[in-house]
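Subject: Structure handover

Hello,

Here is the structure I promised to pass on. Please open it and keep it beside you while you read the notes below.

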Amino acid sequence: MEDNINHPKHYTYKNGIECIQITELFNFCRGNAIKYIFRAGEKDPSKEIEDLKKAVWYIEREIQRLEKK
């Protein structure tokens with residue numbers, strides 16, 4: 001039985017590791033970029049490119065933050 005609240009299939013890798021276990025190790029923008037890369041094409045195959053573009057958006061946002069320092 002699938003658990004879309006606690007263990008969504010599109011956020012669980014083939015070896016059982018969950019995206020949240022990785023993204024919690026990073027700040028918000030980096031974690032979200034990882035999330036979108038992690039699930040690209042898994043949640044909705046027709047939105048794979050959109051997910052990757054969202055990852056790029058968060059990476060660019062993180063770069064802007066770092067450049068302001």
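**Aromatic rings**

Y58 is buried, with a relative accessible area of 15%. That puts Y58 below the 20% cut-off for buried residues. Keep in mind that this is a predicted model.

Y58 stacks with Y36. Is Y36 buried or exposed? Y36 is buried, at 11% relative accessible area.

The whole structure holds three aromatic pairs. Another of them joins F28 and Y58. Here the geometry is edge-to-face, with 6.0 Å from centre to centre and 75° between the planes. F28 belongs to helix α2 and Y58 to helix α3, so this pair ties together parts that lie 30 residues apart in sequence. F28 counts as exposed, because its relative accessibility is 60% and the cut-off for exposed is over 50%.

Which residues form the aromatic cluster? F28, Y36, W57 and Y58 form one cluster.

**The nonpolar core**

Y36 and Y58 also turn up in the largest nonpolar core. Two helices, α2 (28–39) and α3 (48–68), each supply at least two of its residues. The top contributor is α2, with three. In general, nonpolar side chains in soluble globular proteins tend to be buried together.

Take a look at A55. Setting aside neighbours within four places in sequence, A55 is in contact with A33, Y36 and I37.

**The largest pocket**

How big is the largest pocket? Its volume is about 170 Å³. The lining consists of N6, P8, Y11, E18, C19, I20, T23, N27, F28, G31, N32 and K35. Note F28 in that list; F28 is also part of the aromatic cluster.

Helices α1 (19–23) and α2 each give at least two residues to the lining. The largest share comes from α2, with four residues. By class, the lining has five nonpolar, five polar and two charged residues.

**To find on screen**

- The edge-to-face pair, F28 and Y58.
- The pocket lining, including N6 and K35.

Best wishes

Terms used
Residues numbered from 1 in each chain as written. Predicted model: local features only at pLDDT ≥ 70, side-chain atom pairs only at ≥ 80, totals over all residues. Heavy atoms only, no water. Core = buried A, V, L, I, M, F, W, Y, C linked by side-chain atoms within 4.5 Å. Buried < 20%, exposed > 50% of the residue type's maximum accessible area, 1.4 Å probe, protein only. Contact = heavy atoms within 4.5 Å. 1 Å grid on protein atoms, 1.4 Å probe; cavity = no way out; pocket = protein on both sides within 12 Å on 5 of 7 lines; lining within 4 Å. Points joined across faces, edges and corners; volume = space filled by probe spheres on them. Nonpolar A, V, L, I, M, F, W, Y, C, P; charged D, E, K, R; others polar. Phe/Tyr/Trp six-rings, centres within 6.5 Å; stacked < 30°, edge-to-face > 60°.
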